[in-house]
Amino acid sequence: MGLNYYHIKKNVLRARKLVIKSTSLAGSGHPGGSFSMAEILGCLFYKFLKFDPKNPSWEDRDRLVLSKGHAAPGLFSNMAVAGYFPESEMESLRKFGSKLQGHPDLKCPGVEFCGGSLGTGLSYSIGIALAAKIDTKDHHVYTIIGDGESDEGQIWEAAMTASKYKLDNLTAFLDRNFIQQDSYTEQVMPLDEELTGNNISEMWKDASRWKTGDKWRSFGWNVIEIDGHRIEQIELAITKARATKGVPTIIISRTVKGKSIEHMEDNPQWHGKAPDLDIVPLINLELDSQFMIAPSIIAGDMTNLANEVKRCASGRADYIHLDVMDGKFVPTKTFDHSKIKELRPLTVIPFDSHLMIAEPVKHVRDYAEAGSDIITVHAEVCDDSSFGEIHDYLKQNQVGVGLAINPDTDIPEWSYKFLPTIDQLIVMSVVPGKSGQKYIPETHEKMNKITSILQEQKFTGYIEADGGVNLENIESCFEDGARAFVGGSAIIGKPDVRESIRDFRNQILKARRKTLIKKAHQLGGAELVNKWIGLHVVGEKKDQLAKIAKEEKLI
Ligand code: DX5
Ligand code: ZN
């Protein structure tokens, strides 16, 4: 039923950490291109691909061809997470005799194609797809090609061939990260428009300069263009590709090389370089500090919630917070599952349904069926048994599970056993009932206690800060451990949602940078702080970090 959003997200994070671990131990490898395709692989492995890790050559499996073979650490790490081999085996990456070489090799069971020689994977995939047609098999072939790789003429020969043979059982992803080994793709061989200078954000800003889709369309392909880091967009694109008959599909995925690690992002240096071992703990902390912004639509025009959802979508919200109030658990009434069902077709952005209702166990199905991606229920109206029922039902239906606690509620002991598998804990920082209230300052203190319980109980989900979160307190909410941030009046209540989300994001980034610099200082003094700052060569990040380090008297 659901998107399985949290499950995919968690596994993508695990895989990214394995990429960092294995390449840093090997002292070489390609983290940049592994990270640009991380969410694509996540959606494939944990939602779409048919495979059996215990029987890698199962005939009816779907085929995944990594044509941009240098991103092998990204493939191997997902194979490890998916159970093909133990995660510890990633430590043998690029070692003599290991099955995990610098490029994918058939000696690793489950690998479909010896990638590395760029330009050839799509042709190979055409062979598999044609064979499947001849044998009347219904497995699907997914192929990931790179944009640097698209310089090869063979890619375009393959493009013609796949459309000639109407290979609708073939879906290609173009990992469009704009960077190849030597430089920016638009300087080496433009796929879109030629780029002058080093500012690739120029290409992002101006979609009229994107020509790649036109090229593929002219070769007879079904073209879908997406943000390749948005799980919900990838999911929809694959679903559409699978439903398209008579032509192959290419999903042009705009991605960021080195995505998730600020100093690697959009930096050509990280195409083929491994991080030093001394910065690995900092990278892991950065990976653990990914965050999401969730506007709460009840802070807008309640008579036109469809418009509020559209504002969230054009403002690029990570997900949309839906405050359901029933007039019983809280005095106010907002809307119920029927409204959520009505809003669902407006966007693919995940719906974060916060149920402030009595007896959630009786209604949780309705909210799942209405299209929620995560459902959070209040601890005050649950117990071990009813929450257990909710938890199991949501997990079975691939919907995220959340638990919420009011300002005067502690995490109940009955919930401890669920904490390792809960996706989100909402810590209310106002008494629930309406938006626009003031953040209760005691929440900061409470968060200290909460985070140590969560650590002890092996919670791996997101803490969501909800109620009165604004630009003044969001940094401290981040420092307290929150990683999802609801913004009612401070986002939806403002005229320009996109700008408010951007401001939220920038404030959180500032807090995150400070946390990372402090960690660097703790681990290696001013020397490591300077080294960390020095890695941030793209844009103005270096100056911003140096400013924080000076303010904190760490250099
Ligand atoms: C409170 C709700 C919150 C609230 C957020 O009962 O759960 O989500 O509406 O709005 P602000 O950010 O204005 O407090
Ligand atoms: Zn809420």
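1. Helix H3 (38–48) is mostly covered, with ten of its eleven residues buried. The buried set is Ala38, Glu39, Ile40, Leu41, Gly42, Cys43, Leu44, Phe45, Tyr46 and Phe48. Buried means under 20% relative accessible area, exposed over 50%, and partly exposed in between (1.4 Å probe, protein chains only). Helices (H or I, at least four residues) and strands (E, at least two) are DSSP runs, numbered from the N terminus.

2. On provenance: this is a predicted model, in which local features need pLDDT of at least 70, side-chain atom pairs count only at pLDDT 80 or more, and totals for chains, interfaces and linings use all residues. Residues are numbered from 1 along each chain as its sequence is written, chains are lettered from A and ligands numbered from 1 in the order in which they are written, and side-chain values use heavy atoms, with hydrogens and water left out.

3. How do the axes of H1 and H4 cross? Helix H1 (residues 5–26) and helix H4 (residues 72–81) have axes that come within 8 Å and cross at roughly 125 degrees. H1 is therefore oblique to H4. Axes here are lines fitted to C-alpha atoms, for helices over the stretch in contact; angles run from 0 to 180 degrees between N-to-C directions. Under 35 degrees counts as roughly parallel, over 145 as roughly antiparallel, 65 to 115 as roughly perpendicular, and the rest as oblique.

4. The crossing of H1 and H4 is right-handed. H1 contributes Asn11, Arg14, Ala15, Leu18, Val19 and Thr23 to the contact, and H4 contributes Pro73, Gly74, Ser77, Asn78, Ala80 and Val81. Contact means heavy atoms within 4.5 Å. By type, the contact residues are six nonpolar, five polar and one charged. Ala, Val, Leu, Ile, Met, Phe, Trp, Tyr, Cys and Pro count as nonpolar, Asp, Glu, Lys and Arg as charged, and the others, Gly among them, as polar.

5. Salt bridges come next. A salt bridge is a side-chain nitrogen of Lys or Arg within 4 Å of a carboxyl oxygen of Asp or Glu. The count is 39. One of them joins Lys17 and Asp288, with the closest N and O atoms 2.7 Å apart. Lys17 sits in H1 and Asp288 in helix H11 (residues 280–288), so the pair links distant parts of the chain, 271 residues apart. Lys17 is partly exposed at 25% relative accessible area. Asp288 is also partly exposed, at 40%.

6. Glu112 and Arg61 form a salt bridge at 2.6 Å, N to O. Glu112 lies in the loop between H4 and helix H5 (121–134), and Arg61 in the loop between H3 and strand E1 (63–66), so the bridge ties together parts 51 residues apart in sequence. Both Glu112 and Arg61 are buried.

7. Lys547 bridges to Glu551, with closest N and O atoms 3.7 Å apart. The two are four residues apart in helix H20 (residues 541–551), about one helical turn. Lys547 is exposed at 54%; Glu551 is partly exposed at 48%.

8. Which residues make up a network of salt bridges? Asp147, Arg176, Glu186, Asp192, Asp214, Arg217, Glu225 and Arg254 are linked in one.

9. His354, in strand E8 (residues 351–356), is buried at 0% relative accessibility. Beyond neighbours within four places in sequence, its contacts include His321, Asp323, His378, Ala404, Met428 and Asp466. His354 and Ala404 are 50 residues apart in sequence and 8.2 Å apart, C-alpha to C-alpha.

Technical notes: A crossing is left-handed if the near helix is turned anticlockwise from the far one by less than a right angle, and right-handed if clockwise.
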